[in-house]
Amino acid sequence: MTCYDNIFRIDSDEAFEREALAVFRHQAVHCAPYAEYLRLVGIEPRSVTRIEDIPMLPIELFKSHDIYCGEGEPQIVFTSSATTGMTPSRHPVADLALYERAFIEGFRKFYGEPKDWSIYALLPSYLERQGSSLVYMAERLIAECGSGGFYLDNYKQLLDDMAADTKPKILLGVTYALLDLAEQYAPKLHDTIVMETGGMKGRRKELPKAELHKVLCEAFGVEKIDSEYGMAELMSQGYSSGDGLFRVPQWVRILIRDVNNPFARLKCGRRGAIDIIDLANLHSCAFLATQDMGIRYDDGSFRLEGRVQASDIRGCNLLVQ
C-alpha cells in the first residue's frame, strides 16, 4: 500500500502516475464497490497501465454504498450537505491525520504558513449540522493560525474582531452568508482575502461567478474574490486566487470526460465533466467522476462551468442504476 510520504512528495508527472497506479491496483481489490464497478464495466485491473485508462467511480455512489478500504472502523464519517429529501454522501475516513496533512499542506502550497494568517470562518449552514469536513478543516486551520474563529450570523462581532486583528486575514465564507454580510454592512475590509465556498445551499438564487464576485468586491472593497473547491467525498481541496482558475496540489489531477461517453477523455480546452484523482483518498476511492462541468488547461488548472444536467448524461453509471 502506498505510504503517505510517497503521496505528498510527488514532484513529477512520472511520480504521480506511479503512485496513482499503485493506489488503483490496491483499491481495485480492497474497495468492494469499486471492484464491483470495475467488474460491471468489464475492466481487468491488470490491463490498466496509464492513469487516463483508470475508470472513475461515479461520485453518487457515496450516497448508497460504503466506499471504504481502510483497516478497522473509520475514525470519522464526513457527510455532504443535502437539501430536504436528498440523501447526503457519506465518506468514511480511516485516518484523520491523513486528512489533516492533506489540507494543511494544500493550504501551505497556495497561501503559505497558516501561522502567518488569521482565519475567520462564516459557515452557518455547515456549523448547523454534524459531519462537515469543511468545518473540521477550518477548525484545525484556525488552531494552526492561533487566531480567528467561527461565526454564525453575529456579523457585527465578526467585523469588530477582524478590525482589531493586525495579522493578514482570510474571511472564509459560504457564498450566501458572504452576500448577506455584504448587503447588511458592505464593510470595507483591509489586509483581508475574501474566500467563498459552498454556494447558495438553497438559501438564495444562484448567480454567475463573475456577477457574484463583482458584488462582493464592491461591498468589501477588495480587488478579487478567492474560492475554495472541495467536497465531502474528497480529502483535498483546490483554490482559485480570483482569476476563475482553480489549482490543485501535486497529489491531485483533474481530467475531463465526455458527458456522452464516461470512458472518453477530452483534450485540454474542451468543456466536459470533471473527473478527479485525489491520491489522499487512500482509504476510500481516489478515482471519482463528479457531476461538475469544467475545462482543464495545459498547466493543470481548471475552470468550473456549472453542473452536469441529467438530460446530458447518456453514459452508464452501472452501480447507480
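Glu36 sits partly exposed in this predicted model, at a relative accessible area of 31%. Its salt-bridge partner is Arg39, with 2.7 Å between the closest N and O atoms. Arg39 counts as exposed, because its relative accessibility is 54% and the cut-off for exposed is over 50%. Both Glu36 and Arg39 belong to helix α3 (residues 32-40), where they lie 3 residues apart, or about one turn of the helix.

The model holds 20 salt bridges in total. Another of them joins Asp53 to Arg50, at 3.0 Å from N to O. Here Asp53 is partly exposed at 36% relative accessible area, and Arg50 is partly exposed too, at 41%. Glu139 also pairs up, this time with Arg140, and the closest N and O atoms are 2.9 Å apart. Glu139 comes out as partly exposed with a relative accessible area of 41%, while Arg140 is partly exposed at 28%. Elsewhere, shared partners link Asp5, Arg9, Arg101 and Glu105 into one salt-bridge network.

Arg140 turns up again in a helix pairing, as one of the α6 residues that meet α4. Helix α4 (residues 96-111) packs against helix α6 (residues 133-145) at an angle of about 65 degrees, and their axes are 10 Å apart. That angle makes α4 roughly perpendicular to α6, and the crossing is right-handed. On the α4 side, the contact takes in Leu96, Tyr99, Glu100, Phe103, Ile104 and Phe107. Facing them from α6 are Ser133, Leu134, Tyr136, Met137, Arg140, Leu141 and Glu144. Sorted by type, the contact residues come to 9 nonpolar, 1 polar and 3 charged.

Methods: Residues numbered from 1 in each chain as written. Predicted model: local features only at pLDDT ≥ 70, side-chain atom pairs only at ≥ 80, totals over all residues. Heavy atoms only, no water. Axes fitted to C-alpha atoms, helices over the stretch in contact; angles between N-to-C directions. Helix = DSSP H or I, 4+ residues; strand = E, 2+ residues; numbered from the N terminus. Parallel < 35°, antiparallel > 145°, perpendicular 65-115°, else oblique. Left-handed = near helix turned anticlockwise from the far one by under 90°. Contact = heavy atoms within 4.5 Å. Nonpolar A, V, L, I, M, F, W, Y, C, P; charged D, E, K, R; others polar. Salt bridge = Lys/Arg side-chain N within 4 Å of Asp/Glu carboxyl O. Buried < 20%, exposed > 50% of the residue type's maximum accessible area, 1.4 Å probe, protein only.
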